[in-house]
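Please open the structure in a viewer and keep the sequence beside it.

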Amino acid sequence: AVRIGWCTTAAGYGCGTDAQSWGFGYTGKKAHNGNFEPYATKFESGDFVGCYIDFDRREISYSINGTYYGPAFRNIQSMSTAPVYPCVVVKNGSVKFNFGSAEFHCGNKLRNGFVGIQNA
């Protein structure tokens, strides 16, 4: 079981389980403040999940194996009041991160205007 996303420094230990975190789980559901809603298709072992954050639009979106699913969360006010960082919750599994030091699964052709977090 995996849920990945973004949270502020005021978040707890979950990923989408409180008001300061936003997550996307292997079930295809997005999560925020403990609310889980359908968003995209399920992902599984071997899939590449992209986590996008747009500070100008205050939006978070995701992709699976290069298929972009559009904004999962919009108008996120706390983005401008606290630092935001990547977060993950894993149970009986593992994940590998690429913050931009290696070529992305999509051949470094990220969504227009996006860069790996280490280059932001």
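Select Phe 24 and Tyr 39 to begin; Phe 24 is buried, and so is Tyr 39. Buried means under 20% relative accessible area, exposed over 50%, and partly exposed in between, with a 1.4 Å probe and protein chains only. The model is a predicted one, in which local features need pLDDT of at least 70 and side-chain atom pairs count only at pLDDT 80 or more, while totals for chains, interfaces and linings use all residues. Residues are numbered from 1 along each chain as its sequence is written, and side-chain values use heavy atoms, with hydrogens and water left out.

**Aromatic pairs**

The structure holds 7 aromatic pairs. Rings of Phe, Tyr and Trp (its six-membered ring) pair if their centres lie within 6.5 Å; planes under 30 degrees apart count as stacked, over 60 as edge-to-face and the rest as tilted. Keep Phe 24 and Tyr 39 selected: their ring centres are 5.4 Å apart and their planes stand at 85°, so this pair is edge-to-face. Phe 24 belongs to strand 2, whereas Tyr 39 is in the loop between strand 4 (35–38) and strand 5 (49–54), so the pair ties together parts that are 15 residues apart in sequence. Helices (H or I, at least four residues) and strands (E, at least two) are DSSP runs, numbered from the N terminus.

Next, select Tyr 52 and Tyr 68. With ring centres 5.7 Å apart and planes at 85°, Tyr 52 and Tyr 68 also make an edge-to-face pair. Tyr 52 is in strand 5 and Tyr 68 in strand 7, 16 residues apart, and the pair links distant parts of the chain. Tyr 52 counts as buried at 9% relative accessibility, while Tyr 68, at 28%, counts as partly exposed.

To view one aromatic cluster, select Phe 24, Tyr 39, Phe 43, Tyr 62 and Tyr 69.

Two strands pair if DSSP finds at least two bridges between them.

Which strand does 6 bridges join to strand 6? That strand is strand 5, and the two run antiparallel. Their hairpin has 4 residues between the strands, and within this hairpin Arg 58 takes a positive phi near 55°. Strand 6 and strand 7 form a hairpin with 2 residues between them, where Asn 65 in the turn has a positive phi of about 50°. Ile 64 has Thr 67 in strand 7 as its bridge partner.

Select strand 6 by itself. Of its 6 residues, 6 are buried, so the strand is largely enclosed by the rest of the structure. Glu 59, Ser 61 and Ser 63 point one way from strand 6, and Ile 60, Tyr 62 and Ile 64 point the other way.

**The nonpolar core**

Centre the view on Ile 60. In the largest nonpolar core, which has 16 residues, Ile 60, Tyr 62 and Phe 73 touch the most other members. A nonpolar core is a set of buried Ala, Val, Leu, Ile, Met, Phe, Trp, Tyr and Cys residues joined through side-chain atoms within 4.5 Å. Strand 1 (2–8), strand 2 (21–25), strand 6 (59–64) and strand 7 (67–73) are the elements that give two or more residues to this core.

Ile 60 stands opposite Phe 73 in strand 7 and is the bridge partner of Ile 53. Not counting residues up to four places away in sequence, the contacts of Ile 60 (heavy atoms within 4.5 Å) include Trp 6, Trp 22, Pro 71 and Met 79.

**Two last stops**

Select Thr 8 in strand 1. At 0% relative accessibility, Thr 8 counts as buried. Among the residues that Thr 8 touches, beyond four places in sequence, are Gln 20, Ser 78 and Tyr 85.

Finish at Ala 1, in the segment before strand 1. Ala 1 is partly exposed, with a relative accessible area of 44%. Ala 1 and Asn 92 are 91 residues apart in sequence and 6.6 Å apart in space, C-alpha to C-alpha.
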